[in-house]
Amino acid sequence: MRLLLFWQVLMTFWASGVTATALTYKLTPNEKACFFSYVEQKGAKVAFYFAVQAGGSFDVDYSVVGPNDKIIMDGSKERQGDFVFTANEPGEYRFCFNNEMSTFADKMVDFEIAVENEQRAQLPSKQGTSPEQTSALEESILKLSGQLSTINRNQKYFRTRENRNFSTVRSTERRIFNFSCIESLMMVTMAGYV
C-alpha cells in the first residue's frame with residue numbers, strides 16, 4: 001500500500017509540468033542583467049520571485065517583458081517581489097534586473113522563475129477503489145504541495161530579512177567601533193595637553 005502511495009505521489013509531481021530556475025546573481029554597478037524563460041503554451045502560470053540579499057540599500061529595478069516586447073510588470077527600487085501571472089502568449093519571457101542607479105554598490109539578487117503548465121496526471125487507481133477516493137488523495141497531494149510552496153516562500157522571505165538585519169548589525173558595529181576609536185584618540189590628545 002505504501003509503495004502504491006509513493007508511486008502515486010511521484011507520478012503526480014513528475015507529471016505536474018513545472019519547470020523552475022532558482023539562481024543567485026551578483027549585479028555590478030551600472031549593470032542591467034536579463035534572464036529568459038520560454039513558455040510553451042498559452043495560459044501557463046509563471047511565478048517570479050526575487051529578493052536583494054546584499055548591497056547598497058537592498059533595492060533594485062526590475063521588469064518582466066513578454067513576447068513582442070510587451071511589458072508585463074516593472075518596478076523601481078524594490079527590495080523583493082513575489083508575483084504570479086498568466087502567460088497570454090507562448091514565447092520567450094524576459095526577466096531583467098537593473099542596477100544602473102548605483103555607482104559603487106554590487107547587489108546580490110536571489111530569484112526564481114517557475115513555469116507551470118497545470119496538466120494534471122491521471123493517477124492509476126487500485127482495483128476496488130472508487131474514483132472519489134483517488135481524487136480525494138490527489139486533492140490532498142496538491143494541497144500539500146501548495147502548502148510546501150508557501151513554506152518555501154516564507155523561508156526565502158525570512159532568510160532575506162535575516163541577511164538585511166545582519167547587514168544592519170555589521171554597519172552599527174562598525175560605527176560604534178569607529179566612534180570609540182575617535183573618542184579614545186580625543187581623550188589621549190586632551191590628556192596630553194593637561
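Me: How many aromatic pairs does this predicted model hold?
Reply: The model is a predicted one, and its ring pairs are counted with a cut-off of 6.5 Å between ring centres. By this rule the number of aromatic pairs comes to 14.

Me: Is the aromatic pair of Tyr-25 and Phe-35 stacked or edge-to-face?
Reply: The ring centres of Tyr-25 and Phe-35 lie 5.2 Å apart, with 80° between the planes. The pair links distant parts of the chain, with Tyr-25 in strand S1 (residues 18–27) and Phe-35 in strand S2 (residues 32–39), 10 residues apart. Because planes over 60 degrees apart count as edge-to-face, the pair of Tyr-25 and Phe-35 is edge-to-face.

Me: Which parts of the chain does the pair of Phe-48 and Phe-97 tie together?
Reply: Phe-48 and Phe-97 form a tilted aromatic pair, 6.0 Å centre to centre and with 35° between the planes. Phe-48 is buried, with a relative accessible area of 0%, and Phe-97 counts as buried at 1%. The two residues are 49 apart in sequence, so the pair ties together strand S3 (residues 45–54), where Phe-48 lies, and, for Phe-97, strand S7.

Me: Which strands stand at the edges of the open sheet of 4 strands?
Reply: The strands of this open sheet follow the order S2-S7-S4-S5, with antiparallel pairing. An edge strand has a single partner strand, so one side of it is left without a neighbour in the sheet. The strands at the edges are S2 and S5 (71–78).

Me: Which residue in S7 stands opposite Tyr-62?
Reply: Tyr-62 belongs to S4, where Val-60, Tyr-62 and Val-64 point one way and Asp-61, Ser-63 and Val-65 the other way, and all are buried. Strand S4 (residues 60–65) pairs with S7 in the antiparallel sense over 5 bridges, and within this pairing Asp-61 stands opposite Asn-98. The residue in S7 that stands opposite Tyr-62 is Phe-97.

Me: Which residue in the turn between S4 and S5 has a positive phi?
Reply: S4 and S5 run antiparallel and are joined by 5 bridges, with Val-65 standing opposite Ile-71 in S5. The two strands form a hairpin with 5 residues between them, and the residue in the turn with a positive phi, of about 65°, is Asn-68.

Me: How many of the residues of S8 are buried?
Reply: S8 runs antiparallel to S3, to which 9 bridges join it, and Glu-116 in S8 stands opposite Lys-45. S8 is mostly covered, the number of its buried residues being 8 of 10.

Me: Is Lys-107 buried or exposed?
Reply: Lys-107 forms a salt bridge with Asp-59, the closest N and O atoms being 3.2 Å apart. The pair links distant parts of the chain, with Asp-59 in the loop between S3 and S4 and Lys-107 in strand S8, 48 residues apart. Asp-59 counts as buried at 13% relative accessibility. Because buried means under 20%, the 2% relative accessible area of Lys-107 makes this residue buried.

Me: Which residue forms a salt bridge with Glu-112?
Reply: Glu-112 lies in strand S8 and its partner in helix H2 (residues 131–193), so the pair ties together parts that are 44 residues apart in sequence. Both residues of the pair are buried. With the closest N and O atoms 1.9 Å apart, the partner of Glu-112 is Lys-156.

Me: Where does Ser-102 lie?
Reply: Ser-102 counts as buried, at 9% relative accessibility. Leaving aside neighbours within four places in sequence, Ser-102 is in contact with Pro-29, Asn-30 and Lys-107. The place of Ser-102 is the loop between strand S7 (91–98) and strand S8 (107–116).

Notes: Residues are numbered from 1 along each chain as its sequence is written. This is a predicted model: local features need pLDDT of at least 70, side-chain atom pairs count only at pLDDT 80 or more; totals for chains, interfaces and linings use all residues. Side-chain values use heavy atoms; hydrogens and water are left out. Buried means under 20% relative accessible area, exposed over 50%, partly exposed in between (1.4 Å probe, protein chains only). Contact means heavy atoms within 4.5 Å. Rings of Phe, Tyr and Trp (its six-membered ring) pair if their centres lie within 6.5 Å; planes under 30 degrees apart count as stacked, over 60 as edge-to-face and the rest as tilted. Two strands pair if DSSP finds at least two bridges between them. A salt bridge is a side-chain nitrogen of Lys or Arg within 4 Å of a carboxyl oxygen of Asp or Glu.
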